[in-house]
Amino acid sequence: MPFKETPLNDLWLFEPRIFEDNRGYFYESFNQNEFTKATGITLPFIQDNHSFSKKGVLRGLHFQKPPHAQAKLIKVIQGTIWDVVVDLRKDSPTFSQHLGFELSAENKNQLYVPQGFAHGFIVLSESAEVLYKCDDFYAPQAESGIIYNDPDLAIDWKIDSSNIIISEKDAVLATFQTADIPF
């Protein structure tokens, strides 16, 4: 499985080898040994999450505070999303920088997001199903986030802002400047 480093420290893009023929396709979507060999990361994934969303739904930008910070491995099994991460680690040379990636059922790419990053995505197709592995359990007392339309981050969500659908909870998240960022 090819692992590619990104411009943000510790963030990895996975472009799996796909074996296709007239019957369909097969690919290895995760192999702990190969993952560790390529990245040096040995963490165990202990929770899988699955979401379904309609076009224009934006989920994020979320993170969990220590001691319940989460690393995630994200993939799309139906549809297409624009997946965005923001480096929140104050001692990182890429602190406050963000990147976006198109993840889709078609390209089968996956994104490894380390602890200390905010994460969010928007659905570009009519709908999308997203699966992601986490290295810590969901802890409601530790959840936090940054507002998706933060003026300092100026993230391009690839959809006209009038078509974005966001939850009431995500609509009142703090700005990057006012968020309690503990990393």
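Biologist: How much space lies in the largest pocket?

Modeller: In this predicted model, about 640 Å³ of space lies in the largest pocket, and of the 31 residues that line that pocket, the closest to its centre are Arg 59, His 62, Lys 72, Tyr 132 and Glu 143.

Biologist: Which element gives the most to that lining?

Modeller: Strand β6 does, with five residues, while the other elements that give two or more residues to the lining include β5 (47-54), β12 and α2 (168-171).

Biologist: And how do the lining residues divide into nonpolar, polar and charged?

Modeller: The lining of the largest pocket has 15 nonpolar residues, eleven polar ones and five charged ones.

Biologist: Switching to Cys 134, is that residue buried or exposed, and why?

Modeller: Cys 134 counts as buried because its relative accessibility is 0%, and the cut-off for buried is under 20%; the residue lies in strand β12, which covers residues 127-134.

Biologist: What does Cys 134 touch, leaving out residues up to four places away in sequence?

Modeller: Among its contacts are Pro 44, Phe 45, Gln 70 and Lys 72, and although Pro 44 and Cys 134 are 90 residues apart along the chain, their C-alpha atoms are separated by 8.4 Å.

Biologist: Which residues touch the most other members in the largest nonpolar core?

Modeller: Of the 21 residues in that core, they are Leu 61, Val 86, Leu 88, Ile 146 and Trp 157, and β6 (58-64), β8 (80-87) and β11 (117-123) each supply at least two residues of the core. A second, separate core of 16 residues includes Leu 13 and Phe 101.

Key:
Residues are numbered from 1 along each chain as its sequence is written. This is a predicted model: local features need pLDDT of at least 70, side-chain atom pairs count only at pLDDT 80 or more; totals for chains, interfaces and linings use all residues. Side-chain values use heavy atoms; hydrogens and water are left out. Helices (H or I, at least four residues) and strands (E, at least two) are DSSP runs, numbered from the N terminus. Buried means under 20% relative accessible area, exposed over 50%, partly exposed in between (1.4 Å probe, protein chains only). Contact means heavy atoms within 4.5 Å. A nonpolar core is a set of buried Ala, Val, Leu, Ile, Met, Phe, Trp, Tyr and Cys residues joined through side-chain atoms within 4.5 Å. On a 1 Å grid over the protein atoms alone, a cavity is a set of points where a 1.4 Å probe fits but cannot get out, and a pocket is an open set with protein on both sides within 12 Å along at least five of seven lines; lining residues have an atom within 4 Å of a point. Grid points are joined across faces, edges and corners, and a volume is the space filled by probe spheres set on the points. Ala, Val, Leu, Ile, Met, Phe, Trp, Tyr, Cys and Pro count as nonpolar, Asp, Glu, Lys and Arg as charged, and the others, Gly among them, as polar.
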